[in-house]
Amino acid sequence: MGLVQAKLRIMKPPRLIFSVTALLALFVSLPASAQYQWLDANGRKVYSDQPPPANVPQNKILQQPGHAAPVAVTSSASSASKAPAANPPAAAKNVQEAKDKPVDKDLEAKKKQADDAEAAKQKAEIETQAKVKAENCERAKNARKTLDSGVRISQTNTKGERSYMDDAARMVENKRVQDIIQTDC
């Protein structure tokens with residue numbers, strides 16, 4: 001049994017090797033972590049291994065690779081950044097225009113499609129309501145002709161028996177039909 005225990009002890013790697021391997025893996029993985037950090041337009045921190053977009057001002061960049069200071073602005077970019085500072089209302093207007101413009105063409109197309117669908121739905125609903133009103137108007141006009149003709153009009157009560165409309169009921173029905181004609185015609 002002593003021989004088996006000795007072989008097992010040799011096969012187990014020492015803790016020192018595990019510690020060194022873990023530290024080495026930590027140091028190797030550091031360059032792969034996010035190297036850029038900046039504030040976006042909404043004031044949220046953004047972490048990335050890619051540089052920030054060109055529209056992010058230099059004062060919003062918090063960290064760059066190697067903990068170095070932010071990269072110097074080129075002469076064309078510095079002249080562009082000075083122009084809005086000389087004219088603050090124009091800068092505010094440009095920022096507002098940038099916010100108003102949709103960034104994604106697909107998103108813009110989907111929004112337009114949704115707006116068109118909503119407009120078509122509202123148009124169909126208005127047309128349906130117009131048809132219903134026209135049908136109600138036509139029925140009310142026909143009912144008024146029948147009531148004005150003086151013909152005896154029969155009705156069926158809740159028991160299923162037939163009864164004839166008297167003059168008082170005829171006047172009430174005539175008033176109801178007249179109200180429908182006024183609202184729907």
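Across the protein chain of this predicted model, pLDDT averages 76, and 66% of the residues score at least 70. Confidence is lowest in helix α3 (residues 75-86), with a mean of 44, and highest in helix α5 (residues 105-149), with a mean of 91. Over residues 69-86, pLDDT stays under 50, and the model has 9 contacts beyond four places in sequence for this stretch. Where pLDDT is low, the predicted coordinates should not be read in detail.

The strands may be considered next. Strand β1 (residues 36-39) runs antiparallel to strand β2 (residues 45-48), and 4 bridges join the two. The hairpin of β1 and β2 has 5 residues between the strands, and there G43 takes a positive phi near 85°. Strand β1 is also joined to strand β3 (residues 61-63) by 2 bridges, again in an antiparallel arrangement. W38 has V46 as its bridge partner in β2, while in β3 W38 stands opposite I61.

The helices α5 and α6 complete this account. Helix α5 packs against helix α6 (residues 167-184) at an angle of about 150°, with the axes 9 Å apart. Because angles over 145 degrees count as roughly antiparallel, α5 is roughly antiparallel to α6. The crossing in which α5 passes α6 is left-handed. On the α5 side, the residues in contact include K133, N136, C137, A140 and R144, and these belong to a set that meets residues of α6 including R170, E173, N174, V177 and I181.

Terms used
Residues are numbered from 1 along each chain as its sequence is written. This is a predicted model: local features need pLDDT of at least 70, side-chain atom pairs count only at pLDDT 80 or more; totals for chains, interfaces and linings use all residues. Side-chain values use heavy atoms; hydrogens and water are left out. Two strands pair if DSSP finds at least two bridges between them. pLDDT is the predictor's confidence in each residue, from 0 to 100. Contact means heavy atoms within 4.5 Å. Axes are lines fitted to C-alpha atoms, for helices over the stretch in contact, and angles run from 0 to 180 degrees between N-to-C directions. Angles under 35 degrees count as roughly parallel, over 145 as roughly antiparallel, 65 to 115 as roughly perpendicular and the rest as oblique. A crossing is left-handed if the near helix is turned anticlockwise from the far one by less than a right angle, and right-handed if clockwise.
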